[in-house]
Each structure stands twice: as structure tokens, then as C-alpha cells.
Amino acid sequence: MLRRWHTIQKWLTPGLGIKRWLILLIIGLTAGSIALAQLIVELYREQELPGFVYYITLRFLPIPLRIVVGLAIGIGIIVVAILELNRSILSPFARQQHFIDLMYSYSFRNKGIKVVALGGGTGLPAVLRGLKHDTGNIIAIVTVADDGGSSGKLRRELGVLPPGDLRNNIVALADDENLMTQLFQYRFGEGGLEGHSFGNLFITALADITGSMDRALIEAGRVLAIRGRVLPSTLQDVTLVGEVRQPGSTTLKRVVGESQIPMVGGVIERVSLSPESARAYPESTRAILSADLIVIGPGSLYTSIVPNLLVEGIPQAIRASGALCLYVCNIATQDGETDNYTVADHVLALERHAGRRLFSIVIANNAYPPSDETAYVMPAPQDHDIWQRYTIYETDLTDNKYPWRHSPEKLGRAILNIVAQHQSTTLPFSETR
């Protein structure tokens with residue numbers, strides 16, 4: 001009974017676009033019923049009714065009771081007919097959930113805040129998984145500087161944009177981890193396709209069929225019924241170039257290739273794109289300009305996050321946007337890239353490449369479960385000036401099973417908590433230093 005009441009409440013939820021048409025249906029039925037009633041009245045006056053019609057029309061009841069019983073029977077029949085018709089027509093399209101549950105969920109998410117998340121690698125999907133149940137207005141803007149693994153092979157051999165990070169974020173936005181989602185992540189272990197994932201091959205084939213990677217992403221998203229969109233930061237073929245200071249050396253070594261930069265073994269001073277004039281994909285800049293919330297990170301600092309901010313048009317759009325912009329700092333350091341980095345070091349690296357005040361809030365982890373495999377990113381020193389430049393929001397973001405990774409649920413709650421407090425008050429956050 002309680003389940004039925006909840007279902008009725010969902011049908012009555014404002015914005016579903018159902019009640020207006022239901023009211024129109026009732027008006028139409030009423031008008032038709034009045035006309036039919038007038039016809040019956042005229043027939044009553046002209047002739048005696050046969051016995052079975054006499055009983056069907058309830059002539060044996062007093063007029064007030066006849067009206068009440070007739071209305072009750074008529075409305076009951078209409079309701080049952082509509083419900084059963086709805087079930088018969090729509091059941092093939094909603095085998096896993098009731099149709100009203102699907103409509104309610106769709107409507108609820110479409111009213112959610114407009115989120116743009118920038119990054120790449122394995123970090124950005126945590127943001128998408130953490131927010132996709134609260135809003136369907138999510139756009140992931142992903143770096144295309146990857147040149148390693150399956151993506152690198154496809155890029156070199158076929159001249160396509162690297163599909164790996166794009167694929168990971170499409171999967172993260174999928175409705176559920178069904179067989180098709182698992183298929184996209186399947187990686188061949190032997191033969192000529194060894195090392196390639198099915199999703200990478202699928203997206204590459206779609207790009208060839210449709211003529212462009214952006215169109216291929218739309219079609220791949222349809223296959224997985226994703227909540228939101230995944231866009232490349234640029235459609236140009238870009239290469240990441242690093243300047244690395246090796247131990248004991250006073251000169252900087254130039255390293256070409258995203259996959260090679262962390263392998264050199266030194267301190268990364270700066271990264272850049274080649275060509276430096278690479279321009280942003282127009283859809284990506286439009287998404288940023290219309291966003292309510294922009295999330296930068298988490299992910300590999302120099303090889304996943306910074307490359308997006310080096311694309312001409314991306315940082316300019318972020319600054320021009322009226323959206324709340326925040327940066328999600330990594331939980332753990334990354335060998336060859338951010339060894340011994342604190343939260344402050346991450347922020348300073350972003351400032352060196354994209355300038356100050358690109359974002360106003362930093363979300364940082366403050367839980368450090370014992371782990372032999374994890375070198376945690378520690379808080380900024382108490383006297384560091386980033387405490388004056390940014391609002392630092394510290395909370396437990398660790399995944400219970402893999403503490404070096406962000407928990408999508410914890411991260412999603414933290415982001416939504418910040419948004420709620422930002423919308424309701426200008427007072428300091430409850431978990432902020």
C-alpha cells in the first residue's frame with residue numbers, strides 16, 4: 001500500500017508533464033460524457049427501454065444514488081483501462097523499473113545543476129559517478145594528450161584522437177554497470193588485439209564511420225544510455241611536452257609525450273602543449289560558459305588536469321563563467337609526477353600553468369587510513385598563503401577498499417554540500433579551516 005502511495009506521489013510531482021494532459025483527458029471525457037448523457041436522456045423520453053438496458057442504466061435506483069453509482073463505476077473503469085493500457089504499451093521499454101520511476105528519475109536529474117568536470121585518467125570518473133544520480137546535466141571535458149597504451153597505438157597507427165580517457169568517462173556516466181558497460185571496458189589479452197580495449201576500438205570505428213570523434217562520442221553515449229555528455233578539450237592532435245629537472249642537474253630536460261614524462265625520474269617544472277596554439281572544442285567552451293558548477297580534477301596533475309588548462313579558450317571560458325569553480329586535490333601522490341607534494345604544491349602547480357584564482361575552493365582529503373601502498377598528499381602548511389587565497393574544504397574522501405582513490409559517494413556528497421552552502425549562505429563552510 002505504501003509503495004502505491006509513493007507511486008501516486010511521483011505521478012503528481014510538478015514538472016513531469018503528466019498532470020496537464022491528464023486534466024485535458026478528463027475534460028475531453030467529461031465533454032463526451034455530457035453529450036452521450038444528453039443522447040440517452042432523449043432516448044429515455046421517446047421510448048420504453050428494453051429490460052437489460054433498464055438495468056444497465058440503473059433506472060431501478062433513485063436519481064441521486066443512480067448518479068453516484070454511475071460516476072463511481074465509470075471512473076473506476078476508466079482508471080483501470082488507462083493503467084492496464086499504460087502497462088501493456090510501456091512494459092517492453094521498462095522491464096527493470098516501473099515506467100513512472102523512470103520518468104520521475106529522468107525529470108529529477110534534468111532539473112539538477114549544470115556541472116562541467118575537467119580532467120582525465122581514472123580520477124575524473126569518480127566525480128561523474130558521484131554526481132550522476134543527482135543531476136543529468138553533466139558534461140565531462142577530457143584531455144586528448146594521451147599517447148600510451150591502447151590509446152597511443154590507435155593514435156599513432158590510425159591518426160585518431162586517443163579514445164581511452166573518453167571511454168572511461170562515458171562508462172562512468174552509464175546508467176548501470178550492465179553487460180554492455182563491461183564490454184566497453186573489456187581488454188584483449190592476446191593476439192593481434194592484445195592490449196586494446198573493446199571500447200577504444202568501438203569509438204575509433206565510430207569516428208571513422210561518422211567522420212569525427214565528437215560525433216562518435218555522441219553515438220557511443222547512446223549505446224550506453226549515459227547521463228550527460230563527454231567532450232574532448234580540443235579536436236586538434238596535441239602532444240604534451242614536459243620540462244623536467246633531474247637530480248643533480250642544473251638544466252631542464254625536455255621530454256616529449258604524456259606517457260614519457262613521469263618515466264624520466266625528476267621534478268617536473270612545467271608542461272606545455274605542442275602546438276601551443278591548440279584551440280578548445282567550441283562545444284566545450286559553450287558548456288563551461290553555461291555551467292552552474294565547474295569541477296577541476298581529480299587526476300594526474302601534469303598529465304590529466306593541466307593539459308586541459310593549456311588549451312586556448314578553456315581557462316578563459318572558466319574565468320568568464322559565472323559558475324562556482326572548485327578544484328579536487330588528489331588523495332595520493334604519483335610516482336615521477338607529484339612525489340612528496342602537499343595540497344599547496346598541487347595548487348601552486350595549477351597557478352603556474354593557468355594563473356591564480358581560476359577556482360575559489362579546494363577540496364582536500366583529511367583521512368589517512370594505514371596503507372603500505374599509499375603515499376598520501378598531506379595538508380598545506382599552516383602558514384602557507386593559499387589559506388588566504390582559497391577556501392580549503394577538508395573531509396574524508398577515501399575509498400574504503402582502495403584508500404588512494406576517491407570514493408565517488410563521499411566526493412559527490414562533499415561537492416553537493418559545498419554547492420548547497422554556497423547557494424544558501426556566505427558564511428564559512430562547516431568543515432573548512
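Student: How far apart are the closest N and O atoms in the salt bridge of Arg356 with Glu351?

Tutor: This is a predicted model, where local features need pLDDT of at least 70, side-chain atom pairs count only at pLDDT 80 or more, and totals for chains, interfaces and linings use all residues. Residues are numbered from 1 along each chain as its sequence is written, and side-chain values use heavy atoms, with hydrogens and water left out. A salt bridge is defined as a side-chain nitrogen of Lys or Arg within 4 Å of a carboxyl oxygen of Asp or Glu. For Arg356 and Glu351, the closest N and O atoms are apart by 3.8 Å.

Student: Which helix holds Arg389, which forms a salt bridge with Glu351?

Tutor: The closest N and O atoms of Arg389 and Glu351 are 2.9 Å apart. This pair links distant parts of the chain, 38 residues apart, with Glu351 in helix α15 (residues 343-354) and Arg389 in helix α16 (residues 386-389). Helices here are DSSP runs (H or I, at least four residues; strands are E, at least two), numbered from the N terminus, and the one that holds Arg389 is α16.

Student: Is Asp385 buried, partly exposed or exposed?

Tutor: The side chain of Asp385 meets that of Arg389 in a salt bridge at 3.0 Å, N to O. Buried means under 20% relative accessible area, exposed over 50%, and partly exposed in between (1.4 Å probe, protein chains only). Arg389 is buried at 11%, whereas Asp385, at 37% relative accessibility, counts as partly exposed.
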